[in-house]
Amino acid sequence: MGLAISFWLLAAAAVGSALAVVLLRNVFRAALLLISCFFAIAGLFVTLGADFLAMVQVLVYVGAIAVLLLLAIMLTREAATGSPFSRWRIGGAIASVALLAAMIAVFRATPWKVADQSVVLKPTTAELGARLLTPESGFVLPFEIASVLLLAAVLGAIVLVKEK
Amino acid sequence: MDWLRWIIFVVIILAFALSFVMAFILLERRIVGKFQLRPGPNRVGPMGMLQPVADAVKILLKEDITPAKGDRWVHRLAPIVAFAPALLVFAVVPFQGKGPGLGFSLDQPAALADLNVGVLYIVAVSSISVIGMIMAGWASNNKYSLLGAMRAIAQMVSYEVPLVLSIVGIVIASGSLSLNSIVEAQSIPFILLQPLGFLIYFLGATAEINRAPFDLLEAESEIVASYHTEYSGMRFAMFFLGEYAYALGVSAIVSVLFLGGYKFPFGLLPQSFIWFLAKIFLVFFLMLWVRSTLPRVRIDQMMAFAWKFLLPLSLVNLLLVAAEGVSTIGFGWAAVGINVILAIAFVVIWANRFYRVKGVTVG
Amino acid sequence: MVGLQHYIILSAVLFCIGLYGALAKRNAVIILMSIEIMLNAANVALVAFSRYVTPQLLTGQIFAVFVMTVAAAEVAVGLAIIIALYRQKEKVDVGEVDLMKW
């Protein structure tokens, strides 16, 4: 019961702030509401028993990505002129709603193979670490590729903004 | 009875945090006074003990001003966003462990929630406060506020990296992310086992909470009062109390991670929350000592210190701890000897190299 | 009772909001934010599948970790591009970036 209530509250918060991000004219406030959307999603991870991911969500999205976005907003000084719509204002809305309707129809029609829900959820941190870094689970190579990707992104960002 | 336990702990944490913040404000002024050979505030109440109360009353009576062209709602919300994480940190801090202690014994650790991702929780929560600073700087519609906020971002983002890397060493040595398990793992306090990690964490945390010598957010001569320039009354008080609450939080976390929390060193006396509180005061005194001894650094020096000094050292520390973990040395007294010697050597060598690059003094 | 379908429909709703933002906005920073919402929506779906379909294996959560890694890299590079763009044009309007158009 508590889980259901928290799901609906967090879902409402996430959808509401996501809508506000898209619809608000003030870019700075949009970024702040994006942060509240990230928090709501971290809460949803908690309701799904993903404790480690919820913390990483706050750490990465709120602590790093949101701060970078706010920094970019400060540097580009476009908050006052706001975030205008492009020509796709109506077309985009139609396309998005159509896609949403199609997805919901498919999700409702699909017979999902839901596993036995009586299992006791354990803390996920140790399990995630073991599965990411033991050769048997097959995630070691993706893990290393992700590290290379991060390095490349850091170097790319430096090269792009470095003043000549 | 879970909810009863939660209510009791919320009350305990609030009382603990607020009374300690008051005590810290008074102690800071008195102790810094002593360092500077002057008495400090000593008029209100016995030995000036009521000075924080007088300050609070004064500040609450002042007018609460919002800049005319600022973003009103963001301006009002900012102090709350900056202050709340300071209290949230204490949710996972264990005050006393399970089992018999001094005076009474407990059937479970005395913490609001002994999360199994406690360390991650602390790192995540403390990264929120920077958002409050950005909000304050932006919503004030004042260039000094904005510049202060930009400095805050640069400072917090840079010091977060060595800070987290130094905590990873602790996590490797104790094999857990839960703060209570970390305390229980410290038969030898981690300050002895990882002196380099302690140094990096302490300096990084001092910078993260904007205390001297890294308090250039509040460098009056350069940027007025940074992001609190446009704040007054109650909202200014929230920023001000928030800073001390963060100092309290950092003291508590250093006590838990490095000084053995509620344990008496080497288990000579039974565990008790009294040792934990004593360690908090010890760490806070260390901060005051640093503050009264060192001059403020410049912004470029500060960034260089994070990226060129602390970051390489924290990587070295991590490598060292990991190597000891997988080798036969383990985390015993042999490792203590090796690590203390290596820590001194690394700090001396790297500080020399850091100070003199190409014969000129750099930051 | 909240089940798998609730979570994936929520994920679809968030994804479509993000899609609309990415299609219908001109400010590059807002477009980047919308893409972040879409990635988060994907994460919600992945974690929900992990919880309801493979609760023992945690495969969905591992995928979500990789999505977060990619999102962090994407934001770093994306914001660098936006800053470079702003230096060139004094604007972050994606409609103005038409050098490669024919």
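**A note on a three-chain model**

1. Along the sequence, the pattern of chain C reads α-α-α. With a radius of gyration of 17 Å, well over the 13 Å that the globule rule gives for 102 residues, chain C is more spread out than a compact globule. That radius is taken over C-alpha atoms, and the globule rule is 2.2 Å times the number of residues to the power 0.38.

2. Before going further, please keep in mind that this is a predicted model, in which local features need pLDDT of at least 70, side-chain atom pairs count only at pLDDT 80 or more, and totals for chains, interfaces and linings use all residues. Residues are numbered from 1 along each chain as its sequence is written, while chains are lettered from A and ligands numbered from 1 in the order in which they are written.

3. Staying with chain C, its C-alpha atoms fill a box of roughly 50 × 25 × 25 Å along the principal axes. Helix H3 (residues 59-89) of chain C has 31 residues and should span 45 Å at 1.5 Å a residue; its end C-alpha atoms are 44 Å apart, which agrees. The expected span here is 1.5 Å times one less than the number of residues. After H3(C) comes Glu90(C), with a positive phi near 60°.

4. Buried residues make up 58% of the 102 residues in chain C. A residue is called buried if 20 or more other C-beta atoms lie within 10 Å of its own, exposed if 12 or fewer, and partly exposed in between, with C-beta atoms placed from the backbone.

5. The contact between chains A and B takes 18 residues from chain A and 19 residues from chain B. Helix H2 (27-47) and helix H3 (51-76) of chain A are the elements giving two or more residues to the chain A side, and H3(A) has the largest share, twelve residues. Chains B and C do not touch, and their nearest C-alpha atoms are 13 Å apart.

6. Chain B has 14 helices and four strands. Its radius of gyration is 21 Å, close to the 21 Å that the globule rule gives for 363 residues, so chain B is as compact as a globular protein of that length. Of those 363 residues, 46% count as buried.

7. Leu288(B) is buried, with 21 other C-beta atoms within 10 Å. Leaving aside neighbours within four places in sequence, Leu288(B) is in contact with Glu28(B), Ile31(B) and Val32(B).

Technical notes. Two residues are in contact if their C-beta atoms, placed from the backbone, lie within 7 Å.
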